[in-house]
Amino acid sequence: MHKPAHTSTPIASILAHRWSPRAYDEAATVTEEQLRALLEAARWAPSFGNTQPARYLVGLRGTPSFDRILSTLNPGNRDWAHRAGLLLIGVMVTTNEKGDVPYAEYGLGLASENLVLQAVELGLIAHQMAGFSPEAVTEFFGLPDDVVPKVAIAVGSPADPSVLEEDWRIEREKAPRERVSLEEFAYEDAWGTSAFSE
């Protein structure tokens with residue numbers, strides 16, 4: 001199922017086709033080659049002073065790591081994410097030999113956006129989630145104190161929305177994508193003064 005963004009001017013196709021579906025094909029797998037490409041894309045994201053704070057915990061479906069990550073998701077996310085071929089937890093390393101890493105969360109965000117855009121390039125889908133237990137992730141994976149889990153990501157192949165079974169979930173999957181207008185998004189001169197006319 002494709003839901004390209006309706007934009008006021010053309011943008012790169014990979015950006016227009018990125019969205020966050022929940023309908024995954026549980027028969028499909030994510031290959032090691034695809035996994036490498038996803039993580040290489042994330043690895044080459046920009047970061048403040050090249051501090052590279054982003055790291056990922058990886059769970060391919062059928063592995064104990066997948067089951068661990070799945071168990072940390074909130075029930076609403078577990079209901080659909082179990083069909084994904086790959087679950088990841090994005091974590092940020094908050095200190096290095098110089099002390100606190102500046103903008104570590106921003107660096108992880110940039111890396112994760114690279115990862116999900118690479119998924120689009122590979123014909124996969126990705127959905128980022130805040131609904132998980134960082135405490136459980138820290139315990140299950142033995143994370144040091146300066147490594148902070150911030151995002152869970154499901155990756156896999158798309159399926160028909162009917163796999164979501166419940167009508168409200170299916171309708172949410174099919175619903176049009178929405179964003180604030182460009183006029184509300186960018187301002188100049190003063191807050192509320194649009195940089196664009198309608």
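Which element gives the largest share of the lining of the second largest pocket?

Analyst: That would be H2, which puts in five residues. Before going on, a word on the ground rules: this is a predicted model, where local features need pLDDT of at least 70 and side-chain atom pairs count only at pLDDT 80 or more, while totals for chains, interfaces and linings use all residues. Residues are numbered from 1 along each chain as its sequence is written, and side-chain values use heavy atoms, with hydrogens and water left out.

Back to your pocket. A pocket here is an open set of points on a 1 Å grid over the protein atoms alone, where a 1.4 Å probe fits and protein lies on both sides within 12 Å along at least five of seven lines; lining residues have an atom within 4 Å of a point. The second largest pocket holds about 260 Å³, a volume being the space filled by probe spheres set on the points, which are joined across faces, edges and corners. Its lining has 16 residues, and Leu39, Ala42, Arg43, Ala54 and Tyr56 lie nearest the centre. At least two lining residues each come from helix H2 (32-43), strand E1 (54-60) and helix H5 (104-121); helices (H or I, at least four residues) and strands (E, at least two) are DSSP runs, numbered from the N terminus. By type, the lining splits into nine nonpolar, three polar and four charged residues. Nonpolar covers Ala, Val, Leu, Ile, Met, Phe, Trp, Tyr, Cys and Pro, charged covers Asp, Glu, Lys and Arg, and the others, Gly among them, are polar.

The loop between H2 and E1 is worth a stop too. Asn50 sits in that loop, with a positive phi near 55 degrees though it isn't a glycine. Gln52 is in the loop between H2 and E1 as well, and its phi is also positive, about 50 degrees. Why flag that? Most residues other than glycine have a negative phi. Asn50 counts as exposed because its relative accessible area is 55%, whereas Gln52, at 39%, is partly exposed. The cut-offs are under 20% for buried, over 50% for exposed, and partly exposed in between (1.4 Å probe, protein chains only).

For context, the largest pocket has about 660 Å³ of space. Of its 19 lining residues, Ala5, His6, Thr7, Ile11 and Arg179 are the closest to its centre. That lining is made up of eight nonpolar, five polar and six charged residues.
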